[in-house]
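Please read the following briefing beside the sequence and the model.

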Number of protein chains: 2
Amino acid sequence: VAIEIPDVVIDRLPVYARALAALESEGREVVNSQELGERLGVTPAQIRKDLSYFGRFGKQGRGYNVGRLHQELRQILGLTHEWPMVLVGVGQLGRAVLGYGGFGPQGFRIIDAFDSDPKTVGTKLSGLEVKSVEMLPESLRRSKVEIAIVAVPGANAQSVIDILVANGVKAILNYAPVAVHAPKDVRIKEIDPVLALQSMTFYVKMLQGPSK
Amino acid sequence: VAIEIPDVVIDRLPVYARALAALESEGREVVNSQELGERLGVTPAQIRKDLSYFGRFGKQGRGYNVGRLHQELRQILGLTHEWPMVLVGVGQLGRAVLGYGGFGPQGFRIIDAFDSDPKTVGTKLSGLEVKSVEMLPESLRRSKVEIAIVAVPGANAQSVIDILVANGVKAILNYAPVAVHAPKDVRIKEIDPVLALQSMTFYVKMLQGPSK
């Protein structure tokens, strides 16, 4: 890809794809950027600009073909095949991740789960036998899995991520509430509800006025 | 506040605060923007620019006083007092949210949990007796809670959010995997691991080259 596409644009594409999937399930065949923007709380101009990075979609004044645009976005994002994933850390948080029903229907499947606690290793959770984290490097080299979910305590997150990166993982969903690092060609996304809450309290406090 | 502070700046402040808390717990007294930037994978210039919206911190060439900057950021973000929250939806996802140990230490406390399932209402989960969602409006008017967590199925999310907004909620953490709307003065943050994964597959696919 010769053109540099901003990360924020890539971050928005799955949101567009999700809205198109909803429209498709409602039986809609055409949508314009105005309506799509209203559904998503963004401007129609932003949608048109974001999509323009990837070519021409839709005809002037006619809107987008819902099914076709949805399929194109899935193609662009690499969502037309299943992605196997590994999960590291099956404490309380990891168990919730394992039991989460939202991954499978979207083509993301946890094929292996690892933990360091001898009491947890060998137990069966959500249909997977938990493996020892000592087996992680060998297992990754064999399976060539490129996506990992990290749900270990903060203190262990970086060392786990180093092992993942050294064994071919290219995308990491990090649930550990710490800043972690990886080489430039490895993507990390953090899921931290506390950070999300803390950026909203700023605005709630402003609404309350200067007294509080 | 007269100056318009970009949302992305506000989003980064909790990340800075978290790094400062870590430095504080390591016994560090001073840090410069260079080191802070390296820890967080951002440029020192960005840190200085973000902080400049809120006044002058630190002295040229001397770095920041870790404890003081941490405290100032907590003040700015409104984190110096506890925030009560309500949770709507205690299915599998809601239960994981209820059991999540990360909120309390950061001053966020779920004081009420609501569900629509008669089998769930009245049961005790993580120390809270689940209330009927029919009691939500009255309960919110009485408690004046301003933060809510939504963990209901996607199809019910918007109607729950409408009730929350109509009864004074100003910040919503949405776990339902759908785009939802609220008036301009209400903040919504979405926690959706699938969206995060879908924006990373784009890059993993690129690394794999054009053949796949």
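**Core and contacts**

Setting aside neighbours within four places in sequence, Phe103(B) is in contact (heavy atoms within 4.5 Å) with Pro193(A), Val194(A) and Leu197(A), and also with Met85(B), Val97(B), Phe108(B), Ile110(B), Ile149(B) and Tyr175(B). The model is a predicted one, in which local features need pLDDT of at least 70 and side-chain atom pairs count only at pLDDT 80 or more, while totals for chains, interfaces and linings use all residues. Side-chain values use heavy atoms, with hydrogens and water left out, residues are numbered from 1 along each chain as its sequence is written, and chains are lettered from A and ligands numbered from 1 in the order in which they are written.

- The largest nonpolar core has 100 residues, and those with the most contacts inside it are Phe103(A) and Phe103(B).
- A nonpolar core is here a set of buried Ala, Val, Leu, Ile, Met, Phe, Trp, Tyr and Cys residues joined through side-chain atoms within 4.5 Å; buried means under 20% relative accessible area, exposed over 50%, and partly exposed in between, with a 1.4 Å probe and protein chains only.
- In soluble globular proteins, nonpolar side chains tend to be buried together.

**Relation of the two chains**

**Salt bridges**

- Over all chains, a search of the whole structure finds 24 salt bridges, each being a side-chain nitrogen of Lys or Arg within 4 Å of a carboxyl oxygen of Asp or Glu.
- One of them pairs Arg18(A) with Asp192(B), whose closest N and O atoms are 2.9 Å apart.
- That pair joins two chains, because Arg18(A) lies in helix 1 (residues 7–25) of chain A and Asp192(B) in the loop between strand 10 (187–190) and helix 8 (193–208) of chain B; helices (H or I, at least four residues) and strands (E, at least two) are DSSP runs, numbered from the N terminus.
- Arg18(A) is buried at a relative accessible area of 17%, and Asp192(B) is buried at 7%.
- Arg39(A) forms a salt bridge with Glu26(A), the closest N and O atoms being 2.8 Å apart, and this pair links distant parts of the chain, with Arg39(A) in helix 2 (residues 33–40) of chain A and Glu26(A) in the loop between helix 1 and strand 1 (30–31) of chain A, 13 residues apart.
- Arg39(A) counts as partly exposed at 24% relative accessibility, as does Glu26(A) at 48%.
- A network of salt bridges links Glu26(A), Arg28(A), Glu35(A) and Arg39(A).
- Lys131(A) and Asp112(A) meet through their side chains in a salt bridge of 2.9 Å, N to O.
- Because Lys131(A) lies in strand 7 (residues 131–132) of chain A and Asp112(A) in strand 4 (residues 108–115) of chain A, the pair ties together parts that are 19 residues apart in sequence.
- Lys131(A) is partly exposed at 26% relative accessibility, whereas Asp112(A) is buried with a relative accessible area of 11%.

**Sheets**

- In chain A, six strands form an open sheet in the order 7-4-3-8-9-10 with parallel pairing, where two strands pair if DSSP finds at least two bridges between them.
- The edge strands of this sheet are strand 7 and strand 10 (187–190) of chain A, each of which pairs on one side only.
- Strand 4 of chain A has six of its eight residues buried, so it is largely enclosed by the rest of the structure.
- Strand 3 (residues 83–88) of chain A runs parallel to strand 4 of chain A, and six bridges join them; the bridge partner of Met85(A) in strand 4 is Ile110(A).
- The chain passes from strand 3 of chain A through helix 5 (residues 92–99) of chain A to strand 4 of chain A in a right-handed β-α-β crossover, meaning that, with the strands pointing away from the viewer, the path from the first strand over the helix to the second runs clockwise.
- Strand 3 of chain A also pairs in the parallel sense with strand 8 (residues 147–150) of chain A over four bridges, and Val86(A) stands opposite Ala148(A) in strand 8.
- In chain B, six strands likewise form an open sheet in the order 7-4-3-8-9-10 with parallel pairing.
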